[in-house]
Amino acid sequence: MRFTTEERLNELIAYCRSIGVFVANPHVNCLEDGGRFRADNIQLRPSKSTIHAAPESGQDDQLSQTGGDAMKTWIPDARNFAYLTWKQVDALPRESTLLVLPTAAIEQHGHHLPLATDTLINNSARQCARAASCGVAHLRIATVCYGKSNEHIGFPGTLSVSAQTFLAVVRDIGSSVVASGFRKLVLYNTHGGNTSLVDVMARDLRAEFGLRTFSLFGSPDATFDGVSKQERTYGFHAGEIETAYLLHAAPELVRPDEYTANYIALSMSRNC
Ligand SMILES: [Zn+2]
């Protein structure tokens, strides 16, 4: 359902709540300690004045961090599954080796962050660190960087796949992992729009193939000190935390001169 104005959407949500109907919105999330927060497209609406020129030829070489990847990554070559030969894979202790399948998105991230924000965060995350410290052999499969981002369709640059496509891709990779003799797969997701699908697939892969699956989202152990109360309550997309990740990992891709802060959710919260 599409709404032409925020007011109309708020009216309808308020009405539904008044008659006891639960309203689901892709931008409304439950907080662990209770309560809900939301952000709205108006917060992220593209501004016509912020169109930038495409990089000149040759500049895209700067995006490669290691190994000439199409997408900047901080995964050491030695942990990059796709860099192995099949003979090297065949020699791995496949019963115990942990494979990590990252899932992310290419979608709008406000005025100041690149489309690949969720993918870059995933590529920079140290989710393998614990496995390494426990002595578990682990390798990282190439990231599924296209996710279910239809909540951002309409913003130029968002490249979304359907739920069916996403599930099929993850399922087929899981099937291939089993066919290669592996028994353990971590699904590591950094895009909220994929979360439900990853949870479904973690169970399905376990049921269909007997694969031991582990579903991780974001940075479960991270504490985000210094995040503003407003951001902590209402922000979750292209906000302080994602910006901080990118400023740390790829500052050259952040545009500080384009920062915006529009907590439209404040007006909504007064109605709740
Ligand atoms: Zn994001």
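**A first look around**

A: Happy to! The protein chain has ten helices and six strands, and the model is a predicted one.

Q: How much of the protein chain counts as buried?

A: Of its 272 residues, 29% count as buried. As for contacts in the protein chain with a separation of 6 or more, 71% of them come from residues 24 or more positions apart.

Q: Let's pick a helix. How many residues does H6 have, and how far does it reach?

A: H6 has 17 residues and spans 24 Å from its first C-alpha to its last, which is close to the 24 Å expected at 1.5 Å a residue.

Q: Which residues of H6 are buried?

A: Phe166, Val170, Ile173, Gly174 and Val177 are the buried ones in H6. They sit on the same side of H6, because they cover an arc of only 100 degrees around the axis.

Q: And what is on the other side of H6, exposed?

A: There you find Gln164, Asp172, Ser176 and Ala179, which are exposed.

Q: What covers the buried residues of H6?

A: The cover includes strand S3 (98-103), strand S5 (184-189) and H7.

Q: Tell me about H7, then. At what angle do H6 and H7 pack?

A: Helix H6 (residues 163-179) and helix H7 (residues 195-209) pack at about 35 degrees, and their axes are 10 Å apart. The crossing of H6 past H7 is right-handed.

Q: Which residues meet there?

A: From H6 the list is Ala163, Phe166, Leu167, Val170, Arg171, Gly174, Ser175 and Val178; from H7 it is Leu197, Val200, Met201, Asp204, Leu205 and Phe209. The residues of this contact of H6 with H7 divide into ten nonpolar, two polar and two charged.

Q: What follows H6?

A: Glycine 181 follows H6, and its phi is positive, near 95 degrees.

Q: Speaking of phi, which residue has a positive phi although it is not a glycine?

A: Alanine 238 is one of these, with a positive phi of about 60 degrees. Most residues other than glycine have a negative phi. Alanine 238 lies in the loop between helix H8 (229-234) and H9.

Q: Is alanine 238 buried or exposed?

A: Alanine 238 counts as buried, because it has 22 C-beta neighbours inside 10 Å and the cut-off for buried is 20 or more.

Q: And H9, which of its residues are buried?

A: In helix H9 (residues 240-249), the buried residues are Glu242, Thr243, Tyr245 and Leu246. Seen down the axis of H9, they fall within an arc of 155 degrees, so they line one face of the helix. Helix H4 (117-124) is included in what covers the buried residues of H9.

Q: New topic: where does glutamate 107 lie?

A: Glutamate 107 is in the loop between S3 and H4. Glutamate 107 is buried, with 27 other C-beta atoms within 10 Å.

Q: What is glutamate 107 in contact with, leaving aside its neighbours within four places in sequence?

A: Its contacts are Leu115, Ser149, His152, Thr158 and Ser160. Also, glutamate 107 and threonine 117 are ten residues apart in sequence, with 7.9 Å between their C-alpha atoms.

Q: One last stop: where is leucine 159 found?

A: Leucine 159 is in the loop between strand S4 (138-140) and H6. With 14 C-beta neighbours inside 10 Å, leucine 159 counts as partly exposed. Leaving aside neighbours within four places in sequence, leucine 159 is in contact with Ile106 and Tyr146.

Terms used:
Residues are numbered from 1 along each chain as its sequence is written. This is a predicted model: local features need pLDDT of at least 70, side-chain atom pairs count only at pLDDT 80 or more; totals for chains, interfaces and linings use all residues. Axes are lines fitted to C-alpha atoms, for helices over the stretch in contact, and angles run from 0 to 180 degrees between N-to-C directions. Helices (H or I, at least four residues) and strands (E, at least two) are DSSP runs, numbered from the N terminus. A crossing is left-handed if the near helix is turned anticlockwise from the far one by less than a right angle, and right-handed if clockwise. Two residues are in contact if their C-beta atoms, placed from the backbone, lie within 7 Å. Ala, Val, Leu, Ile, Met, Phe, Trp, Tyr, Cys and Pro count as nonpolar, Asp, Glu, Lys and Arg as charged, and the others, Gly among them, as polar. The expected span of a helix is 1.5 Å times one less than its number of residues. A residue is buried if 20 or more other C-beta atoms lie within 10 Å of its own, exposed if 12 or fewer, and partly exposed in between; C-beta atoms are placed from the backbone. The arc is that of the directions from the helix axis to the C-beta atoms.
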